[in-house]
Amino acid sequence: LTTPVASAESRTSGHLPHRVALPNGTQPEGITSGPGATFYVGSVADGRILKGNLRTGRVRTLLAGAAGRSLRGLFFDHRTGLVWAVGSLGAVGHVWAVSSRSGRVVSDTVVPGAGFLNDLVVTRRSVWVTDSAVGRLTMLRLTSSGRPTGGMPHFVTLRGQWPPSPPNTFNANGIRSLPDGALVLNNSRVGGLWQVNRKTGYARRMM
């Protein structure tokens, strides 16, 4: 569930930023945070990742932009210090893992048949990704310590009460994981939240 960051800056009387300025042209979409006051924002315009501090308001480029690259969802994994990002390079869907310290791309996974990779969540042994144009979840396996394995993506078809996805519509968007292991998705086209069994893909509407 992604939230843009404000694009103007002022300071409160407590010397904390009221807003944090981002570079012109960023077009922010995904945002994630950790550790502490550190945050990361991705750009749909050029695929850059910005790293900033919510206390000081300072922002720098962690991952430089690239022609044709667009980033949507981001997720910081405290175990590894990796910032996971989903998006596309041209018309091809990708999932990237980027070092939060150096900005080095640790892994870059191409997702065959992707339509519009949108958001992601990192669990103990997997990365789960929504696709707003295809009725499935993409899963990448992780090592026991949360590192990329370099393996091919696996797919889980959404079924049960999940609404059918007509062609050229925008559907699954945000994703989060519940303590019992179930996943929660929202649907931008029809609204509402769905709880999804990660093994079977069976979805039931929660609201």
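Author: A cavity is a set of grid points where a 1.4 Å probe fits but cannot get out, and its lining residues have an atom within 4 Å of a point. The model discussed here is predicted.

Reader: How many cavities of 30 Å³ or more does the count give, and about how much space lies in the largest cavity?

Author: With the cut-off set at 30 Å³, the count comes to one cavity. The space in the largest cavity is about 70 Å³.

Reader: Which strands each supply at least two residues of the lining of the largest cavity?

Author: The lining includes Ser107 and Thr109, as well as Leu140 and Arg141. Ser107 and Thr109 fall within residues 105–111, and Leu140 and Arg141 within residues 136–141. The strands that each supply at least two lining residues are therefore, by the DSSP runs, E10 and E13.

Reader: Is the pair of tyrosine 40 and phenylalanine 76 stacked or edge-to-face?

Author: The structure holds three aromatic pairs. In the pair of tyrosine 40 and phenylalanine 76, the ring centres are 5.6 Å apart and the planes stand at 15 degrees. Because planes under 30 degrees apart meet the criterion, the pair is stacked.

Reader: How far apart in sequence are the parts that this pair ties together, and are tyrosine 40 and phenylalanine 76 buried or exposed?

Author: Tyrosine 40 belongs to strand E4 and phenylalanine 76 to strand E7, so the pair ties together parts that are 36 residues apart in sequence. Tyrosine 40 has a relative accessible area of 1%, and phenylalanine 76 one of 6%. With the cut-off at 20%, tyrosine 40 is buried and phenylalanine 76 is likewise buried.

Reader: Is the pair of tryptophan 162 and tryptophan 194 stacked or edge-to-face, and how many residues apart in sequence are the parts it ties together?

Author: The ring centres of tryptophan 162 and tryptophan 194 are 5.2 Å apart with the planes at 70 degrees, so this pair is edge-to-face. Tryptophan 162 sits in the loop between strands E15 and E16, and tryptophan 194 in strand E18, so the parts tied together are separated in sequence by 32 residues.

Reader: Which ring has arginine 72 over its face, and which has arginine 136?

Author: Arginine 72 lies at 4.0 Å from the centre of the ring of phenylalanine 116. For arginine 136, at 3.7 Å from the ring centre, the ring is that of phenylalanine 155. The rings asked for thus belong, by the distance and angle criterion, to phenylalanine 116 and phenylalanine 155.

Terms used:
Residues numbered from 1 in each chain as written. Predicted model: local features only at pLDDT ≥ 70, side-chain atom pairs only at ≥ 80, totals over all residues. Heavy atoms only, no water. 1 Å grid on protein atoms, 1.4 Å probe; cavity = no way out; pocket = protein on both sides within 12 Å on 5 of 7 lines; lining within 4 Å. Points joined across faces, edges and corners; volume = space filled by probe spheres on them. Helix = DSSP H or I, 4+ residues; strand = E, 2+ residues; numbered from the N terminus. Phe/Tyr/Trp six-rings, centres within 6.5 Å; stacked < 30°, edge-to-face > 60°. Buried < 20%, exposed > 50% of the residue type's maximum accessible area, 1.4 Å probe, protein only. Lys NZ or Arg CZ within 6 Å of the ring centre and 35° of its normal.
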